[in-house]
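Subject: Structure for your review

Dear colleague,

Please find the structure below, handed over for your own work. My findings follow it.

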Amino acid sequence: MSLRLLRAAAETENLDDFHLSRLLLLLGAFQGRKKRHSVQGITKLAKLDFLLRYPNCLTRALQAIGKSDDLAQVGEVEASSIEAKMIRFRYGPWDARYRRWIGLLSAKGLVNTYVEGNTVHVVITDKGKEVAGLFAEEDEFKLIAQRSLLIYKNFGDFSATKIKDFIYEVFPEIVTIKWGQEIQL
């Protein structure tokens, strides 16, 4: 891999817009034809985003629930490389930038947030739905949009605790990673 390619990958990892567009597509998958569903909790959002950011793990997760890993459409390059890594934290995969990204999406009018009990709910707005729809039509985002729907259909009903437990069960090696270290699976 050339140094220029490594620099480009590092710069992409630090672009908020890159992460915002992925999260918007993921949140967009949570709106049905008749009803819009919120993602209940930032921890749950992080676990679902983990499956989106680590396509090789999405295939393992699909296998664990008895689904074909072909549904994830993971190419040879993606199977061995992760574009945007996460760290292991208290409840599994995490990225310290989630609160900032949700704030940015909210400031742009693309999502709304509200609190019920101790849980932050994140729901896409009409404007966010429109932007996510435009992204989903772009070649660069089509696969992310398809995987977002796949994740929603297969894991969207999981509670935050259930998805956390599921991640630990299917990826027990995460438990051995020290807090704050990058997850490399």
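The second largest pocket is lined by L25, G28, A29, Q31, I124, K129, A132, G133, A136, A145, S148 and L149. Of the elements, α2 (16–28), α7 (126–137) and α8 (139–155) each give two or more residues to this lining. The largest share comes from α7, with four residues. By class, the lining of the second largest pocket has seven nonpolar, four polar and one charged residue. The space in this pocket is about 200 Å³.

Please note that this is a predicted model, in which local features need pLDDT of at least 70 and side-chain atom pairs count only at pLDDT 80 or more, while totals for chains, interfaces and linings use all residues. Residues are numbered from 1 along each chain as its sequence is written, and side-chain values use heavy atoms, with hydrogens and water left out.

The terms used above are as follows. A pocket is found on a 1 Å grid over the protein atoms alone, as an open set of points where a 1.4 Å probe fits, with protein on both sides within 12 Å along at least five of seven lines; lining residues have an atom within 4 Å of a point. Grid points are joined across faces, edges and corners, and the volume is the space filled by probe spheres set on the points. Helices (H or I, at least four residues) and strands (E, at least two) are DSSP runs numbered from the N terminus. Ala, Val, Leu, Ile, Met, Phe, Trp, Tyr, Cys and Pro count as nonpolar, Asp, Glu, Lys and Arg as charged, and the others, Gly among them, as polar.

I124 is buried, at a relative accessible area of 2%, where buried means under 20%, exposed over 50% and partly exposed in between (1.4 Å probe, protein chains only). Residues up to four places away in sequence aside, I124 touches L24, L27, G28, Q31, R36, L110, V111, K129 and A132; contact means heavy atoms within 4.5 Å. From C-alpha to C-alpha, I124 and D49 are 15 Å apart in space and 75 residues apart in sequence.

Next, the helix packing. The axes of α2 and α3 come within 11 Å and cross at roughly 110°, which makes α2 roughly perpendicular to α3. Axes are lines fitted to C-alpha atoms, for helices over the stretch in contact, with angles running from 0 to 180 degrees between N-to-C directions; under 35 degrees counts as roughly parallel, over 145 as roughly antiparallel, 65 to 115 as roughly perpendicular and the rest as oblique. In this contact H19, R22, L23, L26 and L27 of α2 meet L45, L48, D49, L52 and R53 of α3. Six of the residues there are nonpolar, one is polar and three are charged.

Helix α3 (residues 42–53) also approaches helix α6 (residues 98–107), with axes that come within 11 Å and cross at roughly 95°. These two helices, α3 and α6, are therefore roughly perpendicular as well. From α3, the residues I42, L45, A46, D49 and R53 meet Y98, R99, W101 and I102 from α6. This contact has six nonpolar, no polar and three charged residues.

Within α6 lies W101, which is buried with a relative accessible area of 0%. Beyond its neighbours within four places in sequence, W101 is in contact with D16, H19, L20, R22, L23, R53 and D95. The C-alpha atoms of W101 and L23 are separated by 8.5 Å, although the two are 78 residues apart along the chain.

R97, in the loop between β3 and α6, is buried at 17% relative accessible area and, neighbours within four places aside, is in contact with E13, N14, H19 and R53. K85, in the loop between α5 and β2, is partly exposed at 29%; with the same exclusion, its contacts are E13, R53, Y54, D95, E182, I183 and Q184.

Finally, in helix α9 (residues 160–170), the buried residues are I163, K164, F166, I167, Y168 and V170. These pack against α3, α4 (55–64), β2 (87–89), β3 (92–94) and α8.

With kind regards
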